[in-house]
Amino acid sequence: MQHTKNRIFGLDLMRAIAILMVLSSHSLWIYPPNTNLITQVGHLFGYWGVELFFVLSGFLIGRIVYQLFLQDDFKLTHVFHFLKRRWFRTLPNYYLVLLINIGIAFWIGYPIQDLWRYFIFMQNFASPMLPFFTESWSLSIEEFAYLLLPLALYIKTVVVKPFDKVRFLLWVILGFILFFIATKIVKAYFYPPASIEQWNLAIKSVVVFRLDAIFMGVLFSWFSLTYQNIWKKSKIMLAIIGSCLVGFLFAGIGYFQLTYEVFPFFWNVWYLPLTSFSFALFLPFLSEWKSIKWPFIQKIIVWISLISYSIYLLHYGIILQLLKYYFPTEGMAINSLHGYTVIYLVLTFFFSSLLYRFYEKPMTDLRDK
């Protein structure tokens, strides 16, 4: 177990909650289709979990880019250094699991279309996610954000040569957020989805409509480093506002009947940025929450946080799909399904721990060599 000394508990907690939300959502696939409250909440958690990952990822990379960009000699080598570290953190795991998924698909006879797109993260760039390795949709969004932010800063620095880099960085971040909100406005006016199901495929999971979620986290990282005193003093107030907004997203939309059929423009343009902003409001509180008094609980949270990327890659497309393929759940009693779920979760955490310890972490450590 990695020591927790230099980690920030609040951010580990945020990451752990995110992956547990995603796990709880996909666990519903074990059970027969249902429309009860638990099932609806589970589906919502799946969406929220990924959104938490987006905001947290943007916050963390934003702090790194901020420090790099403010150096007097910000050069292309700094961009490559940043990308090298990001790619060593994300690509080895992704490509290994992608190859495993491909092998499983050929083994069980599952058809794959446009396989080449997965190798360059184009499987959902401007069109709905392809049906194979569906959970990789979020990774495409993250990878394009990693690439776009430092390269844009470098190119604009060469062209403009900013006098005040701090303000310049803010305008670049805001520009990205507004641009990707604008892509949703164009989509809403010219090619609106016909239903919430199409919205889920055609907007929520498409790169060109979702990069503002990452940059929302980057924006909050800018505030955390530029206005550190305000950041610390306002953490409770912002968390309360965030809780109110999350409460609205959870219950208020249903209470006020803000459905997609009645308010499609709200859903197509503002619902996703509002979600990102709501979760980002918790960052001041969580980023200042350094540790807790219960070491055992903190170690569990850190452990889940550390293996969260491996969990995300393995839990659905490999572990759950293979379980369902070789051990179908149709006709099982509810108690048997509960036991099935426990086995699924145990296998997920076991194999994710192995993947993290023997592959993900060693590959990540190579970035410092």
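On a 1 Å grid over the protein atoms alone, a cavity is a set of points where a 1.4 Å probe fits but cannot get out, and lining residues have an atom within 4 Å of a point. This is a predicted model, where local features need pLDDT of at least 70 and side-chain atom pairs count only at pLDDT 80 or more, while totals for chains, interfaces and linings use all residues. Residues are numbered from 1 along each chain as its sequence is written, and side-chain values use heavy atoms, with hydrogens and water left out.

Start with the cavity. Select Gly62, Val65, Tyr66, Leu149, Leu169, Ile173, Val218, Ser221 and Trp222 to see its lining. Helices α2, α6 (165–190) and α8 (207–226) each give two or more residues to that lining (helices are DSSP runs of H or I, at least four residues, numbered from the N terminus).

Next, pick Arg210 and Glu51, whose side chains meet in a salt bridge at 2.7 Å, N to O (a side-chain nitrogen of Lys or Arg within 4 Å of a carboxyl oxygen of Asp or Glu). Arg210 sits in α8 and Glu51 in α2, so the pair ties together parts 159 residues apart in sequence. Buried or exposed, at 0% relative accessibility: which is Glu51? Glu51 counts as buried (under 20% relative accessible area, with exposed over 50% and partly exposed in between; 1.4 Å probe, protein chains only).

Last stop: Arg7, Asp12 and Arg15, linked in a network of salt bridges.

Notes. On a 1 Å grid over the protein atoms alone, a cavity is a set of points where a 1.4 Å probe fits but cannot get out, and a pocket is an open set with protein on both sides within 12 Å along at least five of seven lines; lining residues have an atom within 4 Å of a point.
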